[in-house]
Amino acid sequence: MGEIILYIKEIIVVEGKDDTVAVKNAVLADTIETNGSAINKSTLKQIRHAQQKRGVIIFTDPDYPGQRIRSIIDQEVPGCKHAFLSKKEAIGKKGLGIEHASPEAIKTALQKVYELTVEPDPIFTKSDLIQFGLVGNNKAKDRRKKLGDKLNIGFANAKQLEKRLNMFQVPKEVFVATMKEIFQEEQ
């Protein structure tokens with residue numbers, strides 16, 4: 001018996017042609033390309049239509065332009081799902097991006113998509129981040145990076161991390177268990 005092929009119902013929004021090739025090497029899916037961070041009205045209209053018909057997964061590079069595209073689409077087309085790759089998974093000899101990721105990393109990211117909710121009740125506060133050493137100490141940045149990788153929500157500064165934890169409604173138990181895992185790794 002052959003390898004199981006993962007079919008993605010939603011349309012995946014990527015930045016460019018090379019990203020489309022990488023996604024299609026990993027899963028059976030349709031994509032929309034933004035052609036870089038200069039995302040235009042016609043592309044947004046296409047994404048809006050896709051969201052109404054089949055749903056959309058935003059899958060951009062783990063860098064500033066990718067984050068910018070993600071937030072533009074998120075503002076213009078509410079209700080999209082999000083998939084993330086860590087910088088480690090997306091780094092190649094010639095740069096950083098989805099196109100450099102392995103098919104396995106892409107499959108895993110697409111199986112762990114997050115859906116944003118409209119106005120979630122905040123589960124996490126800055127005091128949670130302080131309590132778990134994610135703010136205000138010399139290990140904070142490294143811990144945030146590890147947490148973002150393990151939860152598949154991407155790396156973020158402290159303010160963005162608090163927002164993402166709430167936005168993606170990460171269960172408190174999952175957060176605590178993941179932080180315990182990170183603390184054990186530090187031992």
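**Pocket, cavity and helix packing**

Analyst: This is a predicted model. The lining of the second largest pocket has, by class, six nonpolar, six polar and seven charged residues.

User: How much space lies in that second largest pocket?

Analyst: The second largest pocket holds about 380 Å³. It is lined by 19 residues, and those closest to its centre are Pro-62, Asp-63, Lys-87, Phe-155 and Arg-164.

User: Which helix gives the largest share of the lining?

Analyst: Helix 3 does, with three residues. Helix 3, helix 6 (140-151) and helix 7 (158-167) each supply at least two residues of that lining.

User: And what does helix 3 pack with helix 2 at, as an angle?

Analyst: About 60°, with the axes of helix 2 (residues 41-53) and helix 3 (residues 64-76) 10 Å apart. Helix 2 is therefore oblique to helix 3. The crossing of helix 2 past helix 3 is right-handed.

User: Which residues make the contact?

Analyst: Helix 2 uses Leu-44, Ile-47 and Arg-48, and helix 3 uses Ile-72, Ile-73 and Glu-76. By class, that contact has four nonpolar residues, two charged and no polar ones.

User: What lines the largest cavity?

Analyst: Its lining is Phe-84, Leu-85, Ser-86, Glu-89, Gly-148, Asp-149, Asn-152, Ile-153 and Gly-154. Those residues divide into four polar, three nonpolar and two charged.

Terms used:
Residues are numbered from 1 along each chain as its sequence is written. This is a predicted model: local features need pLDDT of at least 70, side-chain atom pairs count only at pLDDT 80 or more; totals for chains, interfaces and linings use all residues. Side-chain values use heavy atoms; hydrogens and water are left out. Axes are lines fitted to C-alpha atoms, for helices over the stretch in contact, and angles run from 0 to 180 degrees between N-to-C directions. Helices (H or I, at least four residues) and strands (E, at least two) are DSSP runs, numbered from the N terminus. Angles under 35 degrees count as roughly parallel, over 145 as roughly antiparallel, 65 to 115 as roughly perpendicular and the rest as oblique. A crossing is left-handed if the near helix is turned anticlockwise from the far one by less than a right angle, and right-handed if clockwise. Contact means heavy atoms within 4.5 Å. Ala, Val, Leu, Ile, Met, Phe, Trp, Tyr, Cys and Pro count as nonpolar, Asp, Glu, Lys and Arg as charged, and the others, Gly among them, as polar. On a 1 Å grid over the protein atoms alone, a cavity is a set of points where a 1.4 Å probe fits but cannot get out, and a pocket is an open set with protein on both sides within 12 Å along at least five of seven lines; lining residues have an atom within 4 Å of a point. Grid points are joined across faces, edges and corners, and a volume is the space filled by probe spheres set on the points.
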